[in-house]
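Subject: Structure handover

Hello,

Here is the structure I promised.

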Amino acid sequence: MKINNQSFLKQFKDNYHYYIDKNAISIINGQSINYRELYERIEIVEKFLKPFDQNTRFLLCVANPLDYLILSFVLVERQTLIFEDYDFFEEKYKSTLINAEVDFVLCDSLTHPIVRAVNESNVGFYLFHANGYHFEKIKDCTCKYQKSETQISYVIQTSGTTSKPKIFEVNYRAYLARDQFVDFNDQTRYIQLAKMSRVLTITSSIRVIANMGEVILLNYFNPSAIIHYLKLKSVTYISGPPAVWTYLNDYLNREDIFIEQQNGYLLTIGSAINDAILTNLSKRLNAEVVNSYGLTETGIISTTYQCKAIKGSVGKVYLPYKIEDGEVCVSGPTVIGEYMHHESIENFNDGWFLTGDLGYIDENGYLILIGRKKEMINRGGEKVSPFEIEAILSHFSKINEVVVFPYTNKNGFDEVACAVTLKENETMSLNEVRSFLHNKVATFKLPTVLAVLEEMPYHTSYKVKRNQFYEEIKAYARFEFI
């Protein structure tokens, strides 16, 4: 794997003057700045950060995606950025301030819930004024955390969809080396559909800027605005998480939209998206789908980018890897070596990170994922992969989204359950689901519970928590049991 050892910030500064009037960052239906304006704002942020010791930890809490990206660009290069969502609650922020060993919060509001969390801690606080890029000290830091001698670019928490969320550090070398499977250049026009507080949103956007491309962001997810933009301009890459692609797919079907002009690639990263949705998105957006697999702990592990991977695979693995007892294990410069606070040491074994994902390499060298170890449903001693059932049901013409999850029956044993959202004006019975799966899977894998939903309860990570799924939907889903 090719490793980048040059600072993205230095790369930007060395070349921006050739592109001073070119758009650098835009918000759909909002503001935009060119490379000269971007350079001026970066200079202001660097001047603000200069007095702080290396590895001073800033939790960034700024609503405007353009400002969030600019501040993040400098923080990951010069200090340490703590990723956190803007719309969490006070208790969650209190936990993050302690567990991520935050020194300062950089926020755009004095009424945000994080302010109350800061006031009950030793953490310092700066108020960010977007007008003029001014930083006002509100509270000093009295924390006395021991600093790492290694430069840390950012600290992130896992989504916790299959276990307790864990916090870890990513050092500067790993930050530079991560997610380099796409070749950005000065012709790149890159739309980012995910939240700015997602690691890959920031790191990929920084790489586009460092290569003098254009980044297009959203204030909020608005399918009609996205489609309107795509009708006006072709783009090189559109990147988003699975839930966003599912919503966009539903909108395209409902409005019967096809984009005529050629676009580049749709980048899907995260949990699996069913083949039917990917095929439809590719056709309607006139773009090639790139399916990638990775974890926050590892960066991108494999991708279908520029390879002829078969459907159902996540492409070629480009990190050192091995399959041990069916589990995908990886190593290399992008992979973390430990979690903070000595958590989950069982995920690390002799230089290898155990992903918790089950899979195998096919005869063409492509990685096929079966599912998560902790999400396998144990039905009477037989193991059922939710991913396998979902992949088949995704081709059922009535179904829009599907989630397979465990349901504990009155005897305390797990049954296979599936939840669906349906296409407009459709209805569905459990017998229809079982009939569709008949002769496609073993009998013990057939669902005995069906839940019909208006929409899926995705979390901030755009994932569902299978092992908690029944509790989340039991109050409002329409159930059918055998």
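Contact here means heavy atoms within 4.5 Å. Keep in mind that this is a predicted model.

**H1 against H3**

With that cut-off, Phe8, Leu9, Phe12 and Lys13 in H1 meet Phe73, Glu77 and Arg78 in H3. By class, the contact of H1 with H3 has four nonpolar, no polar and three charged residues. Helix H1 covers residues 8–15 and helix H3 covers residues 65–78. Their axes are 9 Å apart, and the two helices pack at an angle of about 120°. Angles of 65 to 115 degrees count as roughly perpendicular and those over 145 as roughly antiparallel. H1 is therefore oblique to H3.

**Helix H8**

Next, look at H8, residues 223–232. Which of its residues are buried? They are Pro223, Ala225, Ile226, Ile227, Tyr229 and Leu230. An α-helix has 3.6 residues a turn, so residues three or four places apart point the same way. What covers the buried residues of H8? Both strands and helices contribute to the cover. The strands include S10 (189–192), S11 (214–217) and S12 (237–240). The helices include H9 (242–255) and H10 (275–285).

**Cavities**

How many cavities of 30 Å³ or more does the whole structure hold? The search finds two.

The largest cavity has about 70 Å³ of space. Its lining is made up of Asp179, Phe181, Val182, Phe184, Tyr190, Leu200, Ser204, Arg207, Ser239, Leu267 and Ile269. Helix H7 (199–210) and strand S13 (265–269) are the elements that give two or more residues to this lining. H7 gives the most, with three residues. Sorted by class, the lining of the largest cavity has seven nonpolar, two polar and two charged residues.

The second largest cavity has about 40 Å³ of space. Ile82, Phe83, Thr96, Ala100, Val155, Ile156, Gln157 and Ile167 line the second largest cavity. Which element gives the largest share of that lining? Strand S8, residues 152–157, does, with three residues. Here the classes are six nonpolar, two polar and no charged residues. The lining of the largest cavity, by contrast, includes two charged residues.

Best wishes

Definitions and conventions
Residues are numbered from 1 along each chain as its sequence is written. This is a predicted model: local features need pLDDT of at least 70, side-chain atom pairs count only at pLDDT 80 or more; totals for chains, interfaces and linings use all residues. Side-chain values use heavy atoms; hydrogens and water are left out. Buried means under 20% relative accessible area, exposed over 50%, partly exposed in between (1.4 Å probe, protein chains only). Helices (H or I, at least four residues) and strands (E, at least two) are DSSP runs, numbered from the N terminus. On a 1 Å grid over the protein atoms alone, a cavity is a set of points where a 1.4 Å probe fits but cannot get out, and a pocket is an open set with protein on both sides within 12 Å along at least five of seven lines; lining residues have an atom within 4 Å of a point. Grid points are joined across faces, edges and corners, and a volume is the space filled by probe spheres set on the points. Ala, Val, Leu, Ile, Met, Phe, Trp, Tyr, Cys and Pro count as nonpolar, Asp, Glu, Lys and Arg as charged, and the others, Gly among them, as polar. Axes are lines fitted to C-alpha atoms, for helices over the stretch in contact, and angles run from 0 to 180 degrees between N-to-C directions. Angles under 35 degrees count as roughly parallel, over 145 as roughly antiparallel, 65 to 115 as roughly perpendicular and the rest as oblique.
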